[in-house]
Amino acid sequence: MSGWRYYPISSLPSALDVVWCRFPLEEYPSVPASKCRPALVRQTAVSEEGGKPEIEIVYGTSKLLKDQYPFDLFVEHVRDMNEAGLWQATRFVLGKKAWLPWSEDFFVPGVGCPTPVIGRLPATYLKKLEIIMRFRDRLQIDDQLSLDVR
């Protein structure tokens with residue numbers, strides 16, 4: 001869709017940033033959801049066609065369900081939650097991801113934040129994420145949902 005209200009390329013978040021996002025529903029992948037939630041930034045890009053900013057994000061939820069989803073990324077320690085801008089323990093569902101336009105339509109500033117970036121995971125989470133992704137590959141845990149709205 002060409003009508004997105006894009007943020008400037010210079011404002012693109014970095015990998016491991018946590019953003020406030022209107023993650024689309026599976027049934028309506030190009031429509032921003034009405035509910036905002038935290039999402040983890042995996043990577044960013046600028047489109048070859050049109051030079052528009054876009055990011056790949058991972059869905060965040062407060063439904064931990066650790067026994068059912070041991071190969072997702074959990075942020076539960078208060079210090080880590082504070083750094084990430086999270087007010088409650090959060091599970092990032094690694095199999096539920098989306099490429100979205102870096103736009104006001106999908107990303108909104110969090111309460112008390114001037115931008116949609118609400119925080120950043122500590123650097124130690126990069127190693128945790130690498131280990132979890134290696135296990136997911138070995139166990140052939142497929143993506144549950146992968147949207148591309150760009």
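These questions and answers cover salt bridges, aromatic rings and a surface patch in a predicted model.

User: What makes Asp72 and Arg91 a salt bridge?

Analyst: The closest N and O atoms of Asp72 and Arg91 are 2.7 Å apart. The cut-off is within 4 Å. So the pair counts as a salt bridge.

User: Where do Asp72 and Arg91 lie?

Analyst: Asp72 is in the loop between strand E3 (53-61) and strand E4 (73-75), and Arg91 is in strand E5. The two are 19 residues apart in sequence, so the pair ties those parts together.

User: Is Asp72 buried or exposed, and how do you know?

Analyst: Asp72 has a relative accessible area of 3%. Buried means under 20%. Therefore Asp72 is buried.

User: Why is the contact of Asp17 with Arg120 called a salt bridge?

Analyst: The N to O distance between the side chains of Asp17 and Arg120 is 3.0 Å. The rule asks for within 4 Å, so the pair qualifies. Asp17 lies in strand E1 and Arg120 in strand E6, so parts 103 residues apart in sequence are tied together.

User: Why is Arg120 called partly exposed?

Analyst: Its relative accessibility is 34%. Buried is under 20%, exposed is over 50%, and partly exposed is in between. So Arg120 counts as partly exposed. Asp17, with a relative accessible area of 10%, is buried because that value is under 20%.

User: What makes Asp105 and Arg5 a salt bridge, and which parts of the chain does the pair link?

Analyst: Their side chains meet at 3.2 Å, N to O. That is within 4 Å, so the salt bridge counts. The pair links distant parts of the chain, 100 residues apart. Asp105 is in the loop between strand E5 (90-101) and strand E6 (117-120), and Arg5 is in the segment before strand E1 (17-21).

User: How do you know whether Asp105 is buried or exposed?

Analyst: Asp105 has 11% relative accessibility. That is under 20%, so Asp105 counts as buried.

User: How many salt bridges does the rule give?

Analyst: The count comes to seven salt bridges.

User: How many aromatic pairs does the structure hold, and why is Phe23 with Tyr59 called edge-to-face?

Analyst: The structure holds six aromatic pairs. The ring centres of Phe23 and Tyr59 are 5.1 Å apart, with the planes at 80°. Centres within 6.5 Å make a pair, and planes over 60 degrees apart make it edge-to-face. So Phe23 and Tyr59 form an edge-to-face pair. Both Phe23 and Tyr59 are buried.

User: What makes Lys96 a charge over a ring?

Analyst: The charged end of Lys96 is 3.8 Å from the centre of the Tyr59 ring and sits over it. The distance limit is within 6 Å, so the value passes. Lys128 also has its charged end over a ring, that of Tyr125, 4.2 Å from the centre.

User: Which residues form the nonpolar surface patch, and why can Ile131 be part of a patch?

Analyst: Ile131, Phe135, Leu139 and Ile141 form the nonpolar patch, with about 320 Å² of accessible area together. A patch residue needs over 30% relative accessible area. Ile131 has 35%, so Ile131 passes that cut-off. Ile131 is found in helix H2 (residues 124-138).

Notes. Residues numbered from 1 in each chain as written. Predicted model: local features only at pLDDT ≥ 70, side-chain atom pairs only at ≥ 80, totals over all residues. Heavy atoms only, no water. Patch = residues over 30% accessible without salt bridge, like charges linked within 9 Å, V, L, I, M, F, W, Y side chains within 5 Å. Areas by Shrake-Rupley, 256 points an atom, 1.4 Å probe, with all protein chains shown as cover. Helix = DSSP H or I, 4+ residues; strand = E, 2+ residues; numbered from the N terminus. Buried < 20%, exposed > 50% of the residue type's maximum accessible area, 1.4 Å probe, protein only. Phe/Tyr/Trp six-rings, centres within 6.5 Å; stacked < 30°, edge-to-face > 60°. Lys NZ or Arg CZ within 6 Å of the ring centre and 35° of its normal.
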